[in-house]
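Here is a briefing on side-chain packing in one protein chain. Please keep the sequence and the model in view while reading.

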Amino acid sequence: MRHGLVLLCMLSMCTIGNLFSSHTVIAAEQPAYAKWGKLAVSETKEKYPNATVVDYLHVGRKQHANTTSETFKLWLKADKKEFGVFVTITFNTATEQIVDITFQETPR
């Protein structure tokens, strides 16, 4: 029993090692919000040029009649201060043309 378990562990390690070898290519599909997340980060960096984006979270998507809103929470660090910023990007659902971008700071 013990030898079988050791053999199983060794085979698992070899398989995992092969997954990450230089010859293996794993394609990852980007989520639908990735495009808007990049825009949220770049717009936040422009609005807060002295801050560094420390973390990023996709909060969610809301569908409206003709528009869609993607909301993100970014965590920023400027000097010794850290704070959050909710960024909401509203765009025309059919054309993906931006309608509005809003920023709301939060202490957490």
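**Side-chain packing briefing**

Phe91 is buried, at a relative accessible area of 3%. Buried stands for under 20% relative accessible area, exposed for over 50%, and partly exposed for what lies in between (1.4 Å probe, protein chains only). The model is predicted: local features need pLDDT of at least 70, side-chain atom pairs count only at pLDDT 80 or more, and totals for chains, interfaces and linings use all residues. Residues are numbered from 1 along each chain as its sequence is written, and side-chain values use heavy atoms, with hydrogens and water left out.

**Aromatic rings**

- Rings of Phe, Tyr and Trp (its six-membered ring) pair if their centres lie within 6.5 Å; planes under 30 degrees apart are stacked, over 60 edge-to-face, and the rest tilted.
- That rule gives four aromatic pairs.
- Trp36 and Phe91 form a stacked pair, with 4.0 Å centre to centre and 10 degrees between the planes.
- This pair links distant parts of the chain, 55 residues apart: Trp36 is in helix 2 (residues 34–47) and Phe91 is in strand 3 (residues 81–92).
- Helices (H or I, at least four residues) and strands (E, at least two) are DSSP runs, numbered from the N terminus.
- Trp36 is buried too, at 4% relative accessibility.
- Tyr33, Tyr56 and Phe72 make up one aromatic cluster.

**Charge over a ring**

- The charged end of Lys81 sits over the ring of Phe83, 4.8 Å from its centre.
- The rule asks for NZ of Lys or CZ of Arg within 6 Å of the ring centre and within 35 degrees of the ring normal.

**Ser69**

- Ser69 lies in strand 2 (residues 67–78) and is buried, with a relative accessible area of 9%.
- Its side chain joins that of Thr90 through a polar contact of 2.9 Å.
- A polar contact is a pair of N or O atoms within 3.5 Å; within protein, one must be able to donate a hydrogen and the other to accept it, and residues adjacent in sequence count only if both atoms are side-chain atoms.
- Ser69 also touches residues including His64 and Ile89, where contact means heavy atoms within 4.5 Å.

**Nonpolar core**

- The largest nonpolar core has 15 residues, and Leu76 and Ile89 have the most contacts inside it.
- Such a core is a set of buried Ala, Val, Leu, Ile, Met, Phe, Trp, Tyr and Cys residues joined through side-chain atoms within 4.5 Å.
- Strand 3 gives the largest share of this core, five residues.
- Leu76 touches, among others, Tyr48, Val54 and Phe83.

Key. Lists of a residue's contacts leave out its neighbours within four places in sequence.
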